[in-house]
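Let us take a friendly walk through a protein complex, one stop at a time. Keep the picture open while you read, and look for each place as it comes up.

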Amino acid sequence: MIGQLLESGNWDPFAEMRQLQRQMNRLFERHYPGSVDFPPVNIWTNEDDVVLTAEIPGVNVDDLDISVQGNVLTLKGSQKEEQLNENETYHRRERATGNFQRSWRLPFNVDKDNIDAKLEKGVLKLTLPRAEQDKPKKIEVKS
Amino acid sequence: MAEQTKTIQKQEAKRKEGIERTRDRMTFMPRTDIYERENDYVLIAEMPGVDHDAVDINFDNNELTITGHVDERPIEGHSISYSEYEVGDYQRSFRFSGDVDIDKIDAKMANGVLRLILPKNEESKPKKITVKSG
């Protein structure tokens with residue numbers, strides 16, 4: 001449904017984006033009660049770099065894929081499902097399993113060689129430095 | 001106003017009437033899976049940001065309480081541009097039926113996930129009763 005109308009009659013530009021994310025979640029068979037975007041992220045910025053933190057409990061380094069193309073960051077990964085035997089039953093099931101994928105458009109191109117990624121206690125911390133060419137240049141004014 | 005993208009909301013932990021926590025910060029309920037096997041229960045709770053020595057497990061009168069403390073500080077020299085999740089401690093309680101062997105509870109913490117194995121008491125384990133003819 002492209003260009004869903006809000007009740008007020010205005011066009012909702014985010015509707016298409018949400019629709020796409022929903023379709024992507026279904027495509028990757030992500031089972032998660034009532035969720036949309038996984039993982040939730042916090043983004044910190046300053047002039048020199050962007051730091052992205054994400055909570056990805058239970059995801060191992062081997063199940064994680066981080067890639068950068070220009071100024072687009074893509075995070076892919078998977079959370080394994082527990083294997084239960086026939087006589088074992090769930091009393092409660094709240095955790096998500098399956099694949100996930102998210103992309104973000106950053107405010108600048110990234111210096112790919114100096115990306116720092118840490119995965120500790122289930123929290124991912126990505127430091128993405130601004131590419132040299134993208135750094136603001138000071139222009140001297142001669143009188 | 002455009003509708004915001006819905007993100008995973010952390011549920012705030014339930015609080016007993018009138019009792020507050022000593023720390024003045026948010027406390028959330030960790031997402032938890034519990035399944036029952038023949039000889040034990042397995043409880044898996046997600047507590048990202050919690051170190052294995054920052055977990056507190058209490059089993060009292062068939063009530064299991066798990067608490068996790070997070071030591072996360074804001075990123076130095078940066079300001080937050082976009083936030084989808086809040087950082088806080090974790091706490092949740094579960095009532096078990098009276099068949100857990102408390103002394104044998106096993107706890108492991110890795111990648112922000114707590115795995116608890118709660119073995120069943122000898123008496124509660126399924127026993128085979130052979131029927132003799134006569």
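Is B:N111 buried, exposed or partly exposed, and how many C-beta neighbours does B:N111 have inside 10 Å? Before counting, please remember that this is a predicted model. B:N111 has 17 C-beta neighbours inside 10 Å. A residue needs 20 or more to be called buried and 12 or fewer to be called exposed, so B:N111 counts as partly exposed. On the chain, B:N111 belongs to the loop that links β8 (106-110) and β9 (113-119) of chain B. The backbone of B:N111 is worth a look as well: phi is positive, about 55°, although the residue is not a glycine.

B:N61 lies in the loop between β4 (50-60) and β5 (63-70) of chain B. What about its surroundings? B:N61 has 7 other C-beta atoms within 10 Å, so it is exposed.

Now let us cross over to chain A. One of the residues that A:G58 touches is B:N111, and the others are A:Q79, A:G122, B:E46 and B:V113, leaving aside residues up to four places away in sequence. A:G58 sits in the loop between β2 (49-55) and β3 (64-69) of chain A. With 19 C-beta neighbours inside 10 Å, A:G58 is counted as partly exposed; the cut-off for buried is 20 or more.

In total, 35 residues of chain A are in contact with 34 residues of chain B. On the chain A side, the elements that give two or more residues are α1 (14-27), β1 (41-45), β2 and β5 (89-92). The largest share comes from β1(A), with 5 residues. Sorted by class, this side of chain A has 14 nonpolar, 10 polar and 11 charged residues.

How does β1(A) take part? Strands of a sheet pair through backbone hydrogen bonds, either parallel or antiparallel. β1(A) pairs with strand β6 (residues 79-83) of chain B in the antiparallel sense, over 4 bridges. To find one bridge, look for A:W44, whose partner in β6(B) is B:I80.

Chain A also has a sheet to explore. Three strands make up an open sheet in the order β3-β4-β6 (chain A), with antiparallel pairing. Its edge strands are β3 and β6 (98-105) of chain A, each pairing on one side only. On average, neighbouring strands here are turned by 10° against each other, direction ignored. Between β3(A) and strand β4 (residues 72-79) of chain A there are 6 bridges in the antiparallel sense. Within this pair, A:D65 has A:K76 as its bridge partner in β4(A).

Finally, how confident is the predictor? For the complex it gives an ipTM of 0.78 and a pTM of 0.75. Chain B averages a pLDDT of 85, and 86% of the residues score at least 70. Over residues 1-7 of chain B, however, the pLDDT is below 50, and this stretch has 14 contacts in the model beyond near neighbours in sequence. Where pLDDT is low, the predicted coordinates should not be read in detail.

Terms used. Residues numbered from 1 in each chain as written. Chains lettered and ligands numbered in written order. Predicted model: local features only at pLDDT ≥ 70, side-chain atom pairs only at ≥ 80, totals over all residues. Contact = placed C-beta atoms within 7 Å. Nonpolar A, V, L, I, M, F, W, Y, C, P; charged D, E, K, R; others polar. Pairing = 2+ DSSP bridges. pLDDT = per-residue confidence, 0-100. Axes fitted to C-alpha atoms, helices over the stretch in contact; angles between N-to-C directions.
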